[in-house]
Amino acid sequence: LLLAYDPVRRLARVQVNIERALVNARMIYEILDTEPHQKDRPGATSLKVSRGEIDFDDVRFSYAENSPVLRGVSFRAQAGKTTAIVGPSGAGKSTLFSLLLRFYDPDGGKITIDGEDITGVTKESLRHSVAYVSQHPYLFEGSIRDNIRYGRPDATDAEVEAAARLANAEEFILQQPEGYDTLVGENGATLSGGQRQRISIARAIVRNAPILLLDEATSALDNESEAKVQQALDRVMDKRTTLVIAHRLSTVVNADHIVVLEDGHLVEEGTHDSLAHKPDGLYARFYRMQTEKAQSLLDGGEQEEST
Ligand code: ATP
């Protein structure tokens, strides 16, 4: 008790909490392990993912009173398939991820995984079932090996290396001065954007979770890097239930299902073929814009920068 009144210790504790908060903010989603402050509901059970089917059922959510961000969103992400989420900026796409990971709980409706309402499961078990590949992969100061192993701390060296191979990362890792033991500067300053992304994909592969959340990068990579990242992503998406906030046309066109969000509403859903043929649909407009842009870039001979 005396310690609790010791101002130096209290300050030190405040400092630690601030640092933890900063680290959590930076790594949010990417690591997904439960922060100690987040309490589970009494009687929370451990999530057991069998098929990995995710249902959003009339999900409503606002960050602040009187400004709803999700206004009753329902759709199914089929087990083992890829569901692309598209829509204008601010439509609520990232918020779907935040709710699925339980950084927040819905104000109404529910999200279930294999029929189980995720508000009744422990956050730890939920987040262990999910891997996240973000637009801006977070790399910490440490070796490449440690950065990959962060996806699952008990992974063996052989598992880390197998993940790196699948992620098309091994070739450039072995070219580094110390191979897997090469230290990367904070946020991987010594690596290119495509290399950082492939380390982040290796991290997701080593995590081996049945559900994958992918926030596709908007920044352009050079063509070779792009192809390697895409192949790595195809491998990690294979057989996992994948939800992808899609920015690239090819991702959307190849997705098993497309969900179009606008201003917190699901306005359309279906396959590319079904949606592209609705002349006044938001998706058809998005598709036309993207193809025209791609064509004009091709005509101008520039590299495509997808948005
Ligand atoms: P983008 O493509 O620009 O990332 P998005 O479709 O992912 O957009 P969200 O990030 O889900 O949209 O944001 C939906 C709305 O919620 C926006 O109006 C945004 O300003 C707001 N918002 C998002 N995160 C927060 C937050 N932590 N606190 C308050 N408002 C937020």
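Which residues are around the ligand? The views below start there, in a predicted model.

**View 1. Residues around the ligand.** Tyr63 and Val69 belong to this shell. By class, three residues of the shell are nonpolar, six are polar and one is charged.

**View 2. Helix α3 at the ligand.** Helix α3 spans residues 93-100. With three residues, α3 gives the most to the shell around the ligand. The helix also lies across strands β1, β2 and β4 (108-113). Its direction is at about 110° to β1.

**View 3. The open sheet.** Four strands build this sheet, in the order β2-β1-β4-β5. Their pairing is antiparallel. At the edges are β2 (68-77) and β5 (116-117), and each pairs on one side only. Strands of a sheet pair through backbone hydrogen bonds, in either a parallel or an antiparallel way.

**View 4. Strands β1 and β2.** Strand β1 covers residues 54-62. Seven bridges join β1 to β2, and the two run antiparallel. Asp55 stands opposite Arg76 in β2.

**View 5. Phe286 in helix α12.** Phe286 sits in helix α12, which covers residues 282-300. Is Phe286 buried or partly exposed? Phe286 counts as partly exposed because it has 19 C-beta neighbours inside 10 Å, while a buried residue needs 20 or more. Phe286 and Val86 are 200 residues apart along the chain. Their C-alpha atoms are separated by 9.1 Å.

Notes. Residues numbered from 1 in each chain as written. Predicted model: local features only at pLDDT ≥ 70, side-chain atom pairs only at ≥ 80, totals over all residues. Near = placed C-beta within 6 Å. Nonpolar A, V, L, I, M, F, W, Y, C, P; charged D, E, K, R; others polar. Pairing = 2+ DSSP bridges. Contact = placed C-beta atoms within 7 Å. Axes fitted to C-alpha atoms, helices over the stretch in contact; angles between N-to-C directions. Buried ≥ 20, exposed ≤ 12 C-beta atoms within 10 Å, placed from the backbone.
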